[in-house]
Amino acid sequence: MLSSRIQHRGEGRGRMRIASLPRRLAGELKTLRNLVRHRAYIDPKSERSIVEAFHRLYYDAHLFGKTWRDTSWMGIPCAKCPLDLWVYQEIIFETRPDLIVETGTFNGGSALYLASVCDMVGAGRVLTIDVEARRGRPSHRRIQYLQGSSTSRDVIAEVREEARGAGRVMVLLDSDHSKDHVLEELRLYGPLVTPGNYLIVEDSNVNGHPVSPDFGPGPMEAIEQFLERNADFVVDESRQKFYLTFNPRGYLRKVKAERGS
Ligand SMILES: C[S@@+](CC[C@H](N)C(=O)[O-])C[C@H]1O[C@@H](n2cnc3c(N)ncnc32)[C@H](O)[C@@H]1O
């Protein structure tokens with residue numbers, strides 16, 4: 001706009017047009033300087049440190065009952081970062097899973113969120129698993145609750161049966177976040193995910209990635225080990241587009257069918 005104003009003033013007057021060139025350059029330089037000043041461009045190192053500082057601030061606030069300890073979906077507590085929930089909505093809309101398996105129900109807020117998105121999309125249902133029973137979990141025609149450990153023989157047999165009858169299958173892992181448990185879940189649930197759909201490993205941010213540095217090996221370490229031997233999945237970093245995610249390297253997209261399936 002600035003450039004066009006200068007050009008307009010110079011129209012039809014040769015001397016003015018020559019004189020306006022340095023002014024135009026100065027104007028462009030000013031625009032560039034403003035872009036940098038207003039953070040349209042930040043060097044990658046500064047960007048990372050800003051995002052990590054905010055990530056720690058946001059995550060640790062749960063110790064005071066804030067942020068993800070004070071997040072709900074339609075009145076039901078939901079222990080998630082809303083930026084991730086928005087990405088889940090985008091994934092569900094794009095990939096149209098018929099069955100969404102969630103390990104770790106807690107109060108049922110995330111299951112209700114997933115079921116609500118399925119309602120809007122007009123397809124899909126949620127099978128959610130927790131080792132504990134809890135009062136007050138929401139009833140919804142698209143939600144089925146299953147009690148037991150996500151890695152127990154009975155539970156996995158039932159989930160396999162449900163997945164067999166479904167078309168497209170998506171899985172979210174949000175139960176016990178220790179590395180061994182997540183790795184076992186990846187081994188058991190990975191084969192159920194259909195090509196083109198997602199296996200989301202939640203809370204890979206713990207153990208210093210960048211929060212809870214004392215957590216010990218967790219989801220991130222399980223993901224890395226799993227990927228060493230599973231070329232069927234790729235990390236879809238495009239799903240980390242909102243800078244802050246509780247699931248860094250946790251958006252796994254299945255790119256091909258498991259051998260033998
Ligand atoms: C982080 S919470 C789940 C939060 C929930 N998905 C949400 O976003 O609101 C973890 C849940 O995993 C459950 N859990 C722990 N170990 C488990 C296991 N081995 N199998 C299934 N659920 C388990 C806990 O009982 C707890 O309710």
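Predicted model: local features only at pLDDT ≥ 70, side-chain atom pairs only at ≥ 80, totals over all residues.
Strands of a sheet pair through backbone hydrogen bonds, either parallel or antiparallel. Here, seven strands form an open sheet with mixed pairing. Their order is β5-β4-β3-β6-β7-β9-β8. Which strands stand at the edges? They are β5 (143–147) and β8 (233–235). Each has a single partner strand, so one side of each is left without a neighbour in the sheet. Neighbouring strands are turned by 20° against each other on average, direction ignored.

Look next at one pair, β7 (residues 198–201) and β9 (residues 251–254). These two strands run antiparallel, and three bridges join them. Y198 stands opposite R253 in β9.

**Helices on the sheet**

Helix α5 lies across β3 (99–103), β4 and β5. Its direction is at about 170° to β4. Helix α7 (residues 179–189) also packs on the sheet. There, α7 touches β3, β6 (169–173) and β7. The direction of α7 makes about 175° with that of β6.

**Helix against helix**

Two packed helices are described by the angle between their axes and the distance between the axes. The table lists two such pairs.

| Helix pair | Angle | Distance between axes |
|---|---|---|
| α4 (residues 82–95) and α5 (residues 109–121) | about 40° | 10 Å |
| α7 and α8 (residues 219–229) | about 40° | 8 Å |

Start with α4 and α5. They pack at an angle of about 40°. That makes α4 oblique to α5. The crossing of α4 and α5 is right-handed. On the α4 side, L85, Y88, Q89, I92 and F93 take part in the contact. They meet Y113, L114, V117, C118 and V121 in α5. How do the residues of this contact divide into nonpolar, polar and charged? Nine are nonpolar, one is polar and none is charged.

Now take α7 and α8. Their axes lie 8 Å apart, at an angle of about 40°. The two helices are therefore oblique to each other. α7 passes α8 in a right-handed crossing. From α7, the residues K179, V182, L183 and L186 meet P219, E221, A222, Q225 and F226 in α8. The residues of this contact divide into six nonpolar, one polar and two charged.

**Around the ligand**

How many residues are around the ligand? There are 19. Of these, G104, F106, S110, S175 and D176 come nearest. The shell holds five nonpolar, nine polar and five charged residues. Helix α5 and strand β4 (125–130) each supply at least two residues of this shell.

**Two backbone details**

Most residues other than glycine have a negative phi, and most peptide bonds are trans. Two places in this model depart from that pattern.

Which residue has a positive phi although it is not a glycine? It is R96, with a phi of about 45°. R96 is found in the loop between α4 and β3.

H209 and P210 are joined by a cis peptide bond, with omega about 5°. P210 is found in the loop between β7 and α8.

Conventions: Residues numbered from 1 in each chain as written. Axes fitted to C-alpha atoms, helices over the stretch in contact; angles between N-to-C directions. Helix = DSSP H or I, 4+ residues; strand = E, 2+ residues; numbered from the N terminus. Parallel < 35°, antiparallel > 145°, perpendicular 65-115°, else oblique. Left-handed = near helix turned anticlockwise from the far one by under 90°. Contact = placed C-beta atoms within 7 Å. Nonpolar A, V, L, I, M, F, W, Y, C, P; charged D, E, K, R; others polar. Near = placed C-beta within 6 Å. Pairing = 2+ DSSP bridges.
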